Amino acid sequence: MKTISVLSTVPLAQTLIFQQAITLLQNYLQYLGYRAQIHFELEGCYQVDSGADYKERALDYTIINQHLRQLDIEGEVVAEYWRNQWEYVSLFSGQTPLKEACNLSTVIETIPQLFPRLYAAEGVKKALIQPVVWCGDKGKLADGSGQIFSHDTRAVHIPNAVQINVSVLNSKGENLIASSGFGEYLQQCFLQTSLACSLLYLPEEAAFERLALKTRYGLAQELCSPIDISGGHQGSVALYKKLGKHNQKMGAEPLLYDQHHRVLSVVHNWQKTARIEHRLGASSVHYNPYINVIYGLLNVVDAVHAYQQNNLLTNRLFTATALPISLYSNRQEIGAIELFQQSTWFSHSLNDIQKKYNSLKLMPMLDCHTQLGDKIKQAILANYHVALAK
């Protein structure tokens, strides 16, 4: 097998180019009269020193969230499902996609430093941002239960995900995902581009091991992470309108309280919370928020173009598609790196938007001789020491 190493850090020059591309896409959408909202969710785990003298208890995440606010990050850390698992959740504070990418980039860089420093007294020795935490917990769910653990104490390998939530606002501040046809079309855009662009959100080999956990280790009942590209409102590229992933009504807002501040009635403002949720990403220190925001915005631009042309025709019956089983190609299957290398959608779409924006005689993002899409595709592949064919 050909060995392709992954660079541990992204050079600053590359980050500046990625930021420039996001600014271009934001400005172009603004010119068209639209604004994309993108929010991240990132799962991770922490390890405790088995020899430490402490009582097992939930961490108080108030401390780390205070530090995130000091870093001007619109997000917070909360407890997740498995013991010793946490989740970073973006707050809906009106931040731009560029600011959201900056937020997550800072979180990925700083959380491994903050956890052992802030929670040393609780025995925390390390925070992990990786696709799979091997033997991260013990237990097996009781038959027919989604919450109750049985007496089976075998090790469970915990998968950690990165999710992207996407919605689009028009000039009146209305969420187009709730409009007839737009949400379905944008979902189709993500479904059609996810295979060729899997390298962007599955950036290391362990991300593909995460996809095989259910079958390889018999954990189908314990784990609910998606393993393929699928649509609907419960798939890996989900469209949430009136119903969410668990068939719950979306957008519940308290309407009436009693004297004890208990909710008596709610209204379901699903139009406000309607969104696309791309749930295929794997937690990794190699996950690049800037690249994935570019990917999200390119899909949004495709959908907006179709919306403006009144051409929101979709094939609602999308057949679930298997993801690559590796970064690397073999005799039977093309790997994620080669799929991205062969695909032209990402680079050509960005090149075309750059050309259109510059032709508007607004502020040029780059000189006309620089193809931003080509340059970013080369930068992505260069991180795996892969050169584009001339």
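Author: Let's start with a term: helices are DSSP runs of H or I with at least four residues, strands are runs of E with at least two, and both are numbered from the N terminus. The model is a predicted one, and its chain has twelve helices and 13 strands.

Reader: Thanks! Then where does Asp72 lie?

Author: Asp72 lies in the loop between α2 (62–70) and β2 (75–79).

Reader: What makes Asp72 count as buried, partly exposed or exposed?

Author: Its relative accessible area is 47%. Buried means under 20% and exposed means over 50%, with partly exposed in between, so Asp72 is partly exposed.

Reader: And what is worth noting about the phi of Asp72?

Author: Phi of Asp72 is near 60°, a positive value in a residue other than glycine. Most residues other than glycine have a negative phi.

Reader: Why is β3 called largely enclosed?

Author: Five of the six residues of β3 are buried, so the rest of the structure largely encloses this strand.

Reader: What about β1: how many of its residues are buried?

Author: Eleven of the 14 residues of β1 (residues 35–48) are buried, and the strand is mostly covered.

Reader: What makes β1 and β3 a pair?

Author: The cut-off is at least two bridges. β1 and β3 (residues 85–90) are joined by five, running antiparallel, so they count as paired. Along this pairing, Glu41 stands opposite Val89 in β3, and Leu42 stands opposite Tyr88.

Reader: How many bridges join β1 to β7 and to β4?

Author: Eight bridges join β1 to β7 (residues 161–169), and four join β1 to β4 (residues 124–128). Both pairings are antiparallel. Gln37 has Ser167 as its bridge partner in β7, while Val48 stands opposite Val124 in β4.

Reader: Now to Gly33. Where is its place, and what is it in contact with beyond its neighbours in sequence?

Author: Gly33 sits in the loop between α1 (12–32) and β1. Leaving aside neighbours within four places in sequence, Gly33 is in contact with Leu169, Asn170 and Ser171. Gly33 and Ser171 are 138 residues apart along the chain, and their C-alpha atoms are separated by 5.4 Å.

Reader: Why is Gly33 called partly exposed?

Author: Gly33 has a relative accessible area of 26%.

Reader: Let's turn to the helices. Why is Tyr295 called buried?

Author: Tyr295, found in helix α9, has a relative accessible area of 1%. Buried means under 20%, so Tyr295 belongs in that class.

Reader: Which residues is Tyr295 in contact with, leaving aside neighbours within four places in sequence?

Author: They are Phe190, Thr193, Ser194, Cys197, Leu200, His278, Trp345 and Phe346. Of these, Ser194 is 101 residues away along the chain, with 9.4 Å between its C-alpha atom and that of Tyr295.

Reader: How do helices α9 and α11 pack?

Author: Helix α9 (residues 289–308) and helix α11 (residues 345–359) pack at an angle of about 65°, and their axes are 10 Å apart. Their crossing is left-handed. Among the residues making the contact are Ile294, Tyr295 and Leu298 of α9, and Trp345, Phe346 and Ile353 of α11. By class, the contact has eight nonpolar, three polar and two charged residues.

Reader: Finally, what share of the chain is buried?

Author: Buried residues make up 51% of the 390 residues. The accessible surface comes to about 19000 Å², and 52% of it belongs to carbon and sulfur atoms. Among contacts with a separation of 6 or more, 73% are between residues 24 or more positions apart.

Key:
Residues are numbered from 1 along each chain as its sequence is written. This is a predicted model: local features need pLDDT of at least 70, side-chain atom pairs count only at pLDDT 80 or more; totals for chains, interfaces and linings use all residues. Side-chain values use heavy atoms; hydrogens and water are left out. Axes are lines fitted to C-alpha atoms, for helices over the stretch in contact, and angles run from 0 to 180 degrees between N-to-C directions. A crossing is left-handed if the near helix is turned anticlockwise from the far one by less than a right angle, and right-handed if clockwise. Contact means heavy atoms within 4.5 Å. Ala, Val, Leu, Ile, Met, Phe, Trp, Tyr, Cys and Pro count as nonpolar, Asp, Glu, Lys and Arg as charged, and the others, Gly among them, as polar. Buried means under 20% relative accessible area, exposed over 50%, partly exposed in between (1.4 Å probe, protein chains only). Accessible areas come from the Shrake-Rupley method with a 1.4 Å probe; for residues, only the protein chains shown count as cover.
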